[in-house]
Amino acid sequence: MTDTIFSKIIKREIPATIVFEDEEALAFMDIAPVANGHLLLIPKTPYVWMQDAPDELVGSMFIKAKKLMVAMKTSLACDYVQVSVVGKDVPHFHIHLIPRFFNDELHGWRTGSYAENEMQTIAELIKNAIVQ
């Protein structure tokens with residue numbers, strides 16, 4: 001994998017405002033926040049997509065995310081913390097933690113609808129691909 005902005009932050013080659021760090025993860029302030037307090041939580045071992053990471057790491061990352069969420073709710077007095085795993089902008093699995101307020105007027109994504117029987121067909125495709 002080539003160097004990403006996240007690997008450079010991990011190696012301290014570029015600055016970041018770090019909020020949390022342990023042997024496997026790093027959390028820092030997003031420089032283009034959706035809301036004040038927006039954090040990014042990344043594993044120090046790079047995986048492009050969450051599904052590429054070992055199960056143990058994914059579980060551990062979400063336990064860390066939960067601890068950060070509690071700290072964010074306490075310190076920022078937000079109503080909740082939105083969690084998002086996108087990974088498209090930087091090819092390094094990362095979790096967005098965004099403090100939210102019920103009246104903040106940050107809107108979600110565009111929604112759509114299914115054609116007749118399309119939902120069931122797609123659900124069956126996914127069910128059949130689940131690895132036990």
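Residues are called buried when their relative accessible area is under 20%, and exposed when it is over 50%. These legends describe close-up views of a predicted model.

**View 1. The buried face of helix H2.** Helix H2 covers residues 55-76. Its buried residues are Leu57, Val58, Ser60, Met61, Lys64, Ala65, Leu68 and Met72. Seen down the helix axis, these buried residues fall within an arc of 155°, and they therefore line one face of H2. An α-helix has 3.6 residues a turn, so residues three or four places apart point the same way. On the other side of H2, the exposed residues are Asp55, Glu56, Ile63, Lys66, Lys67 and Thr74.

**View 2. The length and the end of helix H2.** With 22 residues at 1.5 Å a residue, H2 should span 32 Å. The C-alpha atoms at its ends are 31 Å apart, which agrees with that expectation. Alanine 77 follows the helix and has a positive phi, near 55°.

**View 3. Packing of helix H2 against strands.**

View 4. Lysine 64 has a relative accessibility of 11%; because the limit for a buried residue is 20%, lysine 64 counts as buried. Its side chain makes a polar contact of 2.6 Å with the side chain of aspartate 22. A polar contact of 3.2 Å joins the side chain of lysine 64 to that of glutamate 24.

**View 5. The enclosed strand E5.** In E5, 6 of the 6 residues are buried, so this strand is largely enclosed by the rest of the structure. Ile95, Leu97 and Pro99 point one way from E5, whereas His96, Ile98 and Arg100 point the other way. Residues on both sides of the strand are buried.

**View 6. The pairing of strand E5 with E3 and E4.** E3 and E5 pair in the antiparallel sense over 3 bridges, and leucine 41 stands opposite isoleucine 95 in E5. E4 and E5 also run antiparallel and are joined by 5 bridges. Here valine 81 stands opposite proline 99 in E5.

Conventions: Residues are numbered from 1 along each chain as its sequence is written. This is a predicted model: local features need pLDDT of at least 70, side-chain atom pairs count only at pLDDT 80 or more; totals for chains, interfaces and linings use all residues. Side-chain values use heavy atoms; hydrogens and water are left out. Helices (H or I, at least four residues) and strands (E, at least two) are DSSP runs, numbered from the N terminus. Buried means under 20% relative accessible area, exposed over 50%, partly exposed in between (1.4 Å probe, protein chains only). A polar contact is a pair of N or O atoms within 3.5 Å; within protein, one must be able to donate a hydrogen and the other to accept it, and residues adjacent in sequence count only if both atoms are side-chain atoms. The expected span of a helix is 1.5 Å times one less than its number of residues. The arc is that of the directions from the helix axis to the C-beta atoms. Contact means heavy atoms within 4.5 Å. Two strands pair if DSSP finds at least two bridges between them.
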